[in-house]
Amino acid sequence: VDMNVATHGRIAILTGNNDYFFEIWLGAALGNFVLTPINARLAPREVAFILNDSGAEVLFVDTPFDGLVRSITDELKSVREIMPLDSYPGWRDAQSEEVHAPDIEPTETMVQMYTSGTTGFPKGVELNHTAMLACVRSMMGLHAWEPGQVALVTAPLFHTAGCAWANCALQSGGTIVLLRELTPITILNAIEKYKVTQALLVPAVIQMVLQTPACATTDFSSLKRMLYGASPIPVPVLREAVSTFGCQFEQGYGLTETVGPIAMLRPDDHLSDDKMQSCGRPVPGAEIRIFDESGEVCKTGEIGEIVFSGQQAMNGYWNQPEETARTIRNGWLHTGDAGYFDDDGMFVENQIKIQPASTLAAGGSAQLSVDILDNDGELVTTVEDVRFNSGCIGGGQATVNPENPTQSINGKASTLYTARG
């Protein structure tokens, strides 16, 4: 309000995991402004694109990113005030104690997260108040959290996973243990020191923690539940994790467009190796179907596109009505993921994409064009025939089609990172 930001105006923040994030986020929500968190791992030109695309008027920036922001200042079209987070407490404390809390419709946009998916072009995903609260209920599991829960937040707050997971503790009167440095040792130390009861870790991090010698001597007795997701996890690794941590395990399947999990693999489902390879069942209030190419519901065991309907659905893509109309059709949000239902009504993701903009399902793999970057992050070339095969922890394995080999790329050293198809 002091900065003369209009209702629904975008307020951007560029930071790692920082506790000021929550004050700025909830303050923006209370005033009916929209927070736009920026991925702290992006290159300068990507940060500039998001700031310009969102129309952000104010940018809060943490010290490590001062240089990045200075390098793109001349490119910014809408940002008129940049506030270092070091200066934030003084600015906050100087504000009036009068609360600016206008009436807000639950379906109004609360957060605008950016996602690229497999299209390569960042899209602003508009998430409303109802969707955020519905996601909290989903992430809490079968039972609402009692006050006093201690949630370990390792996922970045600029991602829906970290943001929504932290919100579970905020909404239930719990404690957030926020890690700025993510290493197996910091995770193990935090769990034991702060008596963490609720944790969310991605499979790759779970595996790293298990491989750390200190894991064998860490006290996990406070842990009640571990939520995981975002990528495949081999059953042997999951079995070892269940045994080591000694708590209930749940897996979540979701995407940025649904804030968080719309299907959960419950603790009892982790008793069977077969069930452990599925995504579980839809969360309360979520409806999931599998559609074939003609939009008809697939039979049990038949692979098709995963579609979703429920309160967690996004409002749409910011300033992209055509993309929104392509994704949300007849009340169903089309995820672009492939999956099927088994005989037990369990929902299984097939780990491939269904024809996103530049992607084509080909022979059990996803085939798409991939940008090859040099070590400075500059575009070297684009390989038009790359296939992503599923089955790797943390993502799919990318290989260039032998029929279209690329031996050297303009004489420059380059890296092709593995990515999930």
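## Salt bridges around Arg 92

Asp 93 and Arg 92 pair through their side chains in a salt bridge, with N and O 2.9 Å apart. This is a predicted model. Asp 93 is exposed, at a relative accessible area of 56%. Arg 92 is partly exposed, at 29%. The pair belongs to a network of salt bridges that links Glu 23, Arg 92 and Asp 93.

Side chains of opposite charge can pair when their charged atoms come close. The structure holds 10 salt bridges. Two more of them are described next.

## Bridges between loops

Asp 19 forms a salt bridge with Arg 180, and the closest N and O atoms are 3.4 Å apart. The two residues are 161 residues apart and link distant parts of the chain. Asp 19 sits in the loop between β1 (10–14) and α1 (20–30). Arg 180 sits in the loop between β8 (175–178) and α7 (184–193). Asp 19 is partly exposed, with a relative accessible area of 42%. Arg 180 is exposed, at 60%.

Arg 80 and Glu 57 also meet in a salt bridge, at 2.8 Å from N to O. Arg 80 lies in the loop between α3 (66–72) and β4 (81–84), and Glu 57 lies in the loop between α2 (44–54) and β3 (58–61), so the bridge ties together parts 23 residues apart in sequence. Arg 80 is partly exposed, at 44% relative accessibility. Glu 57 is buried: its relative accessible area is 17%, and the cut-off for buried is under 20%.

## Helix α1 against helix α6

Two packed helices are described by the angle between their axes and the distance between the axes. The axes of α1 and α6 (residues 160–172) come within 12 Å and cross at roughly 85°. That makes α1 roughly perpendicular to α6, because angles of 65 to 115 degrees count as roughly perpendicular.

From α1, the contact involves Phe 21, Phe 22, Trp 25 and Leu 26. From α6, it involves Cys 163, Ala 166, Asn 167 and Leu 170. Seven of the contact residues are nonpolar, one is polar and none is charged.

## The buried face of α9

An α-helix has 3.6 residues a turn, so residues three or four places apart point the same way. In helix α9 (residues 235–245), the buried residues are Val 235, Val 237, Leu 238, Ala 241 and Phe 245. Seen down the axis of α9, the buried residues fall within an arc of 160°, so they line one face of the helix. Pro 236 and Ser 243 are exposed on the other side of α9.

The cover over the buried residues of α9 includes α8 (203–210), β10 (225–229) and β11 (248–254). Gly 246 follows α9 and has a positive phi, near 65°.

## Ile 104

Ile 104 lies in the loop between α4 (88–93) and β5 (109–115). Ile 104 is partly exposed, with a relative accessible area of 26%. Leaving out residues up to four places away in sequence, Ile 104 touches Ala 29, Leu 30, Asn 32 and His 129. Ile 104 and Leu 30 are 74 residues apart along the chain, and their C-alpha atoms are separated by 8.5 Å.

Technical notes
Residues numbered from 1 in each chain as written. Predicted model: local features only at pLDDT ≥ 70, side-chain atom pairs only at ≥ 80, totals over all residues. Heavy atoms only, no water. Salt bridge = Lys/Arg side-chain N within 4 Å of Asp/Glu carboxyl O. Helix = DSSP H or I, 4+ residues; strand = E, 2+ residues; numbered from the N terminus. Buried < 20%, exposed > 50% of the residue type's maximum accessible area, 1.4 Å probe, protein only. Axes fitted to C-alpha atoms, helices over the stretch in contact; angles between N-to-C directions. Parallel < 35°, antiparallel > 145°, perpendicular 65-115°, else oblique. Contact = heavy atoms within 4.5 Å. Nonpolar A, V, L, I, M, F, W, Y, C, P; charged D, E, K, R; others polar. Arc of directions from axis to C-beta.
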